[in-house]
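I set out to go through this model entry by entry and to record what I looked up. The notes follow the order in which I consulted the structure.

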Amino acid sequence: MRPDETLIDEAAQWMALLQSGDVSLQERAAFEAWRAADPRHQQIIEQMGGGLSLLRHSDLRGVPRESLLHSLNAPSSRRRFISGSLSVIGIAVLAGLLGRRYGWLPEAGELSTGTGERRAFTLEDGSALTLNARSRVVPRFDSVERLLDLRSGELLVDVAKNPARPFVVETGHGRMRALGTTFLVQRAEDATRLVMLHSQVEVVTASGARQVVEAGESLLFNERQTLSLERSKGQESAWVQGRLEVRDRPLSEVIDSLRNYRRGILHLSPEVAGLRLSGLFPLDDSDRTLQLLERSLPIRVTWHNPYWVSVEARL
Amino acid sequence: MGSHNPHYQVIGQMFQKDYRWLCAAVSRTLGCPHSAQDIASETFLRVLALPDPLAIREPRALLTTIARRLVYEGWRRQDLERAYLQSLALAPEPVHPSPEERALVIEALLAVDRLLNGLSAKAKAAFLYHQLDGLTYSEIGEHLGVSTSRVQQYMVEAFKRCYQAMQA
C-alpha cells in the first residue's frame with residue numbers, strides 16, 4: 001500500500017521539527033504518539049531518514065559549499081529524454097539497486113537480523129555465528145585476520161581454531177582478539193560487554209587499554225577504559241535458545257531486551273525501571289513476557305494498541 | 001552460488017533472448033554501438049543483483065527502464081562533473097583534488113543530486129548546510145536571507161523529496 005500525500009507531508013513536518021534542534025518535551029511526546037498511532041508512520045519516517053545516512057558518510061564534506069551548490073544546480077542537458085519514460089516499477093527497482101551502491105542500504109556482506117529475529121550463520125572459515133534480534137555485523141576476512149565488525153546488537157560466536165589467523169570482533173569501543181574460543185559480545189550505545197564461555201580473549205579498547213578475559217568472566221568496557229570485570233552469571237547466552245534469563249536485574253534491562261523483540265513503542269515509567277527481578281521468560285512471545293512481569297511485580301501494563309504499550313507503577 | 005541457482009538460469013535465459021535486442025535499442029538512443037554494449041552489460045549486472053529475479057514479469061520493460069536510467073545517469077554524471085570542474089576553476093583559492101578524490105566527489109554528487117533533484121536552489125542549500133555543516137535553522141536563514149520559518153519549510157520540502165527518492 002502506498003502511503004498517501006497527507007501522511008508524507010505530516011512525516012516531513014515532524015522531521016523538520018525534530019531536526020530543528022528546538023523540540024519541547026511535549027512536542028517529542030506528541031511525535032511519539034503520532035509515530036505509534038499507525039505502523040505506516042514509522043515506516044515513512046524510517047525511509048525519509050534513509051537519505052540522511054547518505055550525507056553522513058558523504059565525500060562531499062571537503063568540497064567548498066559554493067562549488068557543491070553550483071554543481072548540484074547545473075541544468076540537465078538531456079533531462080527531457082528521461083521524463084515520462086520511467087515507469088513506476090522502474091523507479092522502485094532502481095531505488096533499491098542504486099541504494100546499495102551508495103550505502104544507505106545494507107553493506108555488501110552484511111549479516112543482520114530484524115525485530116524479533118535470531119539467526120545462525122556459518123562463516124567462511126567454519127566459525128558458527130548467532131545473531132540476536134536487531135543486530136548488524138559485517139565480516140571482513142583477509143589473509144591476516146578474521147574480522148567481524150559488530151555495528152549494533154549482540155552476537156555469539158564459536159570460533160574455528162586457526163592460530164595463524166586470529167579472529168577479531170570489533171565494536172566502536174574496542175577489539176576482542178581470539179584464536180579459537182566461544183564468546184558473546186553485546187554492543188550497546190555507550191559500552192560493549194564481552195562474556196567468555198570458553199578459553200580466553202584479549203580486549204584492547206579504542207584508547208589502547210588492554211585486558212585478558214578468561215572463561216567464565218564478563219567484561220564491560222567503553223572506548224576509553226575497562227569498566228568492570230566480574231564472574232559471568234552463566235545466563236547471558238540464554239537468548240540463543242529464545243529465552244531471557246535474569247537473576248536480580250533491574251526491570252529496565254529486561255525491557256531493553258524485549259524491545260529488540262517487539263515493534264512499536266514500549267514505554268517504561270522511570271519509577272519502576274529500577275525494580276529488580278529474577279526469572280525465565282520467553283523472548284519470542286513478548287506479550288506473554290509482559291503479562292508474566294505484570295503478575296510478579298507491582299506494575300501495570302497498558303496496551304494502548306499493539307504498537308504502543310506502557311509499563312507503569314500499579315496504583 | 002553455482003549454476004544450479006534458479007536465479008542465474010532465469011537471467012541466463014533472459015540474457016540469451018534479449019541481449020542483442022537491448023544493445024540495438026540502446027544503440028538507437030545513443031547512436032553509438034560500443035557504449036550501447038557497455039550499457040547493456042551493466043544492465044544485466046544490475047538485474048543479477050535484484051533480490052528476486054524470479055518475480056520479473058516484463059523482462060524487456062525492466063531492461064529498458066534500467067538501461068535508460070543508466071544512460072541518464074551517465075549524462076547527469078557528465079553535467080555534474082563539468083559543473084564541478086568549472087566551479088573549481090572559478091574558486092578564489094585554487095583547489096586541485098586528485099583523480100581519486102574527484103571520482104569520489106562526483107559519485108557522491110550524483111547520489112545527492114538524485115536525492116534532492118527537483119528542489120529549489122535555496123531548499124537544497126538549506127538542507128545541505130543543515131545536514132553537512134550542522135548550521136541551525138536561524139543561521140541558515142541569515143545566510144540565505146530568509147526567515148527561520150521559511151528555512152523550516154525548505155526542510156519539509158527536502159524531507160518529502162528524500163522520501164520520494166528513497167521509495168523502493
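Predicted model: local features only at pLDDT ≥ 70, side-chain atom pairs only at ≥ 80, totals over all residues.

**Entry 1: after a helix of chain B.** I began with B:Gly118, which lies just after α4(B) and takes a positive phi of about 100 degrees.

Entry 2: I then looked up α4(B), which has 18 residues. From its first C-alpha to its last it reaches 25 Å, close to the 26 Å expected at 1.5 Å a residue. I asked which of the residues in α4(B) are buried. I noted B:Val105, B:Ala108, B:Leu109, B:Leu110, B:Ala111, B:Val112, B:Asp113, B:Leu115 and B:Leu116.

**Entry 3: confidence.** Before going further I checked the scores. Chain B averages a pLDDT of 82, and 90% of its residues score at least 70. Among the elements of chain B, the lowest mean pLDDT, 79, belongs to helix α1 (residues 6–30), and the highest, 91, to helix α7 (residues 148–166). For the complex, the predictor gives an ipTM of 0.75 and a pTM of 0.46.

**Entry 4: the contact between the chains.** I found 48 residues of chain B in contact with 49 residues of chain A. On the side of chain B that touches chain A, α3 (59–90), α4 (99–116), α5 (121–133) and α7 of chain B each supply at least two residues. The largest share of that side, 15 residues, comes from α3(B). By class, I recorded 33 nonpolar, 7 polar and 8 charged residues on the side of chain B that touches chain A.

**Entry 5: the largest nonpolar core.** I next looked up the largest nonpolar core, which has 44 residues. Those with the most contacts inside this core are A:Met48, B:Leu109, B:Val112, B:Ala126, B:Ala158 and B:Phe159. Two or more residues each come from α1 (5–19), α3 (39–56) and α4 (65–72) of chain A, and from α3, α4, α5, α6 (137–144) and α7 of chain B. The largest share of this core, 9 residues, is from α7(B). I then took B:Ala126 and listed what it touches, leaving out residues up to four places away in sequence: B:Ile140, B:Leu144, B:Val151, B:Tyr154 and B:Met155.

**Entry 6: a second core.** A second, separate core has 23 residues, including A:Met176, A:Ala178, A:Val213 and A:Phe221. I followed A:Val213, which is placed in strand β11 (residues 210–214) of chain A. Why does A:Val213 count as buried? It does so because 23 other C-beta atoms lie within 10 Å, and the cut-off is 20 or more. Not counting residues up to four places away in sequence, A:Val213 touches A:Leu194, A:Met196, A:Gln200, A:Val201, A:Val203 and A:Leu219. A:Val213 and A:Val201 are 12 residues apart in sequence and 5.4 Å apart in space, C-alpha to C-alpha.

Entry 7: A:Arg134, not a glycine, has a positive phi of about 50 degrees. I located A:Arg134 in the loop between β3 (128–131) and β4 (136–141) of chain A. A:Arg134 counts as partly exposed because it has 17 C-beta neighbours inside 10 Å. A:Asp248 has a positive phi near 55 degrees, and its place is in strand β14 (residues 243–250) of chain A. With 8 other C-beta atoms within 10 Å, A:Asp248 is exposed.

Key
Residues numbered from 1 in each chain as written. Chains lettered and ligands numbered in written order. pLDDT = per-residue confidence, 0-100. Helix = DSSP H or I, 4+ residues; strand = E, 2+ residues; numbered from the N terminus. Contact = placed C-beta atoms within 7 Å. Nonpolar A, V, L, I, M, F, W, Y, C, P; charged D, E, K, R; others polar. Expected span 1.5 Å × (residues − 1). Buried ≥ 20, exposed ≤ 12 C-beta atoms within 10 Å, placed from the backbone. Core = buried A, V, L, I, M, F, W, Y, C linked by C-beta atoms within 7 Å.
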